[in-house]
Amino acid sequence: MAESKNSRAPGARSPSGYRRGVRAVLPLIPAVLAFGASFGVLAQAAGMGAVASLVMSATTFAGSAQFAVVSVLGAGGTAVAAIVAAVLLNARYGPMALAAAGVFRGGPLRRLLEAQLLVDESWALSNRDGRFDRKVMLGAGAFLYLGWNAGTAIGVVAGDSLADPATLGLDAAFPALFLALLAPLLSSRTAVAAALLGGGIALALTPITPAGVPVIAATAACLVGLTRPRSVPTGDKRPAGQSPRGRSRPQEAQL
Amino acid sequence: MSAAWIAVIVVGAATIALKAAGPVFAAERELPVGASRVVGLLAPALLAALVATQAFATDESLVIDERGAGLLAGAVAVLLRAPLLVVILVAAATAAGLRAIS
């Protein structure tokens, strides 16, 4: 990865790493609460039952997979169909957790428990140039976990009286968040190539594969890291606008 | 057992296992240089895929709707180096505003 003195390095007045993680994730908490609540509402409407909904948020702790289960069961689908959809959606956590494996400590049980705090947002917020900050991961993950479960409980209790998060535009908050986290990573041509290829794969596969597959398949884009510094192997799919030449002159990535 | 409980238990167990497998079994091993270069690129690849699917995918089709407009507004905020909270607010407000007038 490119060496870059990141402007987002810990500032002078950031006392503890965990608190930095909590602070980093704070802007997202309203959206997480709202989506947790809408999961609770939809799960009740689909007949999942209050306890099962709460247990699911506490154990699965992954929004898209939980919504998938609710929508499959709500439409009269079988448990198997719901499970397949949700596991496909969560399969990305395999490679994501492997990439961040170094931040978790202790024996197997403690690692297993700590790793549960890994979700898209805590993974992305704690990532700096391919390395992961343990305290940001755990601080952000724990706060997200509280928000998601509190939101679910609110939704289960309050039911239909809540506003749809889409009305508030909260569904647009997440892609914007991931874009904001992506931008500082685009400091090398290879990173730009991986991002373009990853996004392209995801868009191309969306209409033709079950939900979840596009994001897993997009992880293959990180194989551009195997390309040699001076040339791109022939036959390799090259994202538009990426010239194989002129790599010797690193330039600031543009979004 | 109801279908809901079966799904809750199996999906929960599978997700816990997916998240834990790498940290439990591979944490002590140093990755070779080539592999760490690849793993370092996982973040841009995955984040771009999340941006693409969360903004433009609805179930299994591509759609351009208020989320896309929110993303565009958020991208402008990112280019202007706005703080994360501002980026998120700009995106959400854009999507909410467009929905309110449509």
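1. Two residues are in contact if their C-beta atoms, placed from the backbone, lie within 7 Å. Helices (H or I, at least four residues) and strands (E, at least two) are DSSP runs, numbered from the N terminus. The model is predicted: local features require pLDDT of at least 70 and side-chain atom pairs pLDDT 80 or more, whereas totals for chains, interfaces and linings use all residues. Residues are numbered from 1 along each chain as its sequence is written, with chains lettered from A and ligands numbered from 1 in the order in which they are written.

2. The mean for chain A is 82, and 83% of its residues reach 70 or more. Over residues 1-12 of chain A the pLDDT is below 50, and this stretch has eleven contacts beyond near neighbours in sequence. Residues 230-255 of chain A also stay under 50, with 27 contacts beyond four places in sequence. Where pLDDT is low, the predicted coordinates should not be read in detail.

3. Chain A has twelve helices and two strands. Their order from the N terminus is α-α-α-α-α-α-α-α-β-β-α-α-α-α. Of the contacts in chain A with a separation of 6 or more, 70% join residues 24 or more positions apart.

4. Buried residues (20 or more other C-beta atoms within 10 Å of the residue's own, these atoms being placed from the backbone) make up 51% of the 255 residues in chain A.

5. Between the chains, 87 residues of chain A are in contact with 66 residues of chain B. The side of chain A that touches chain B has 65 nonpolar residues (Ala, Val, Leu, Ile, Met, Phe, Trp, Tyr, Cys and Pro), 18 polar residues (the others, Gly among them) and four charged residues (Asp, Glu, Lys and Arg).

6. Helix α2 (residues 33-40) of chain B has V38(B), V39(B) and G40(B) buried. The buried residues of α2(B) pack against α6 (93-99) of chain A and α3 (42-56) of chain B.

7. A nonpolar core is a set of buried Ala, Val, Leu, Ile, Met, Phe, Trp, Tyr and Cys residues joined through C-beta atoms within 7 Å. The largest has 119 residues, of which L182(A), A45(B) and A91(B) touch the most other members. Its largest share, twelve residues, comes from α3(B). Leaving aside residues up to four places away in sequence, L182(A) touches A195(A), P44(B), L47(B), A48(B) and V51(B).

Conventions. A residue is buried if 20 or more other C-beta atoms lie within 10 Å of its own, exposed if 12 or fewer, and partly exposed in between; C-beta atoms are placed from the backbone. pLDDT is the predictor's confidence in each residue, from 0 to 100.
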